[in-house]
Amino acid sequence: MLPCDGVHGLWSPLPDSCLEIIDTDRPHQTDTPHVVPAGHTQVESAIAAVQLGGTLDGADKRTHLVLLEDNYKFGLVTRVDVQLLFKHADYVFDANRFVAPGPLEARVKLNVLEGHGATPAVTIVPSVFVPMTSAQPFRAGALVFLGWTLPFGFELEVNTGLLVQTAVRPNALVVFATAITHEIFGPVSTFVDVYATGLDVQLGTGFLAPIGRDVQIDLGTYLGVNGAVFAATPFIGFSVRR
């Protein structure tokens with residue numbers, strides 16, 4: 001058996017010689033159906049993002065600086081990873097203070113189909129969002145992540161699913177998102193996407209650039225369309241795999 005074949009895990013990590021260029025969920029608002037290689041860890045960080053113009057529903061008119069909104073990813077076994085997502089710091093300029101961090105999202109990615117040609121990669125993702133304050137709703141549900149590698153350097157991702165939440169209405173939220181990514185020169189790619197959770201809708205665009213095999217930087221902006229999303233959120237991010 002070749003060293004890249006078979007089942008790997010924490011007890012027998014996928015050899016470094018088998019690793020491909022880092023594949024991240026960020027900076028897209030959609031997430032990739034691919035999982036972290038077994039036995040490896042990956043950290044994806046929105047180092048800084050500025051939320052401008054207030055939310056479109058008028059509920060929050062303040063300007064926020066979000067720091068270290070991170071995704072910690074652990075490749076448990078071949079085609080399965082566990083992820084913890086957390087916003088560490090949120091500074092409100094208008095109030096000159098930090099507000100409560102969070103929420104904490106925990107989820108598992110279960111890759112059930114590897115993509116090839118017209119057949120998409122398919123991953124099932126049960127998730128739970130644990131609030132850090134009473135203002136944050138508890139949410140839980142399951143999503144499906146789909147991904148296609150297209151001709152001419154394009155990639156297509158689609159996420160869909162259902163989240164059930166407490167504390168605020170509506171109690172059930174349909175999630176739908178899609179993104180197109182295109183290689184523009186060398187390993188550097190650009191993307192456009194749209195993400196909707198219930199009536200909250202946001203567009204996104206930006207760039208991502210691998211540095212070697214295990215590091216990536218990204219930058220761009222999200223643009224609010226409707227609901228409890230900010231008018232504009234420029235961001236810069238960094239990801240690394242070990």
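Analyst: Begin with burial: a residue counts as buried when its relative accessible area is under 20%. The model here is a predicted one.

User: Is Tyr222 buried or exposed by that cut-off?

Analyst: Tyr222 has 14% relative accessibility, so it counts as buried. Phe235 is buried too, at 6%.

User: How is a pair of aromatic rings described?

Analyst: By the distance of the centres and the angle of the planes. Three aromatic pairs are counted in this model. In one of them, Tyr91 and Phe98, the ring centres are 5.1 Å apart and the planes stand at 65 degrees, so this pair is edge-to-face. Tyr222 and Phe235 make a stacked pair, with 4.6 Å from centre to centre and 25 degrees between the planes.

User: Which parts does the pair of Tyr222 and Phe235 tie together?

Analyst: Tyr222 belongs to strand β12 (residues 215-226) and Phe235 to strand β13 (residues 230-241), so the pair links parts 13 residues apart in sequence. Elsewhere, Tyr91, Phe93 and Phe98 make up one aromatic cluster.

User: What is the nearest side chain of opposite charge to Asp70, and how far away is it?

Analyst: A salt bridge needs the charged atoms within 4 Å. For Asp70, the nearest side chain of opposite charge is Arg26, at 7.2 Å. Asp70 is buried and has no salt bridge.

User: Which side chain makes a polar contact with Asp70?

Analyst: That of Ser45, at 2.6 Å. Asp70 sits in strand β2 (residues 64-77). Beyond its neighbours within four places in sequence, Asp70 is in contact with residues including Glu44, Leu85 and His88.

Methods: Residues numbered from 1 in each chain as written. Predicted model: local features only at pLDDT ≥ 70, side-chain atom pairs only at ≥ 80, totals over all residues. Heavy atoms only, no water. Helix = DSSP H or I, 4+ residues; strand = E, 2+ residues; numbered from the N terminus. Buried < 20%, exposed > 50% of the residue type's maximum accessible area, 1.4 Å probe, protein only. Lys, Arg positive; Asp, Glu negative; His and termini not counted. Polar contact = N/O pair within 3.5 Å; in protein donor to acceptor, adjacent residues only side chain to side chain. Contact = heavy atoms within 4.5 Å. Phe/Tyr/Trp six-rings, centres within 6.5 Å; stacked < 30°, edge-to-face > 60°.
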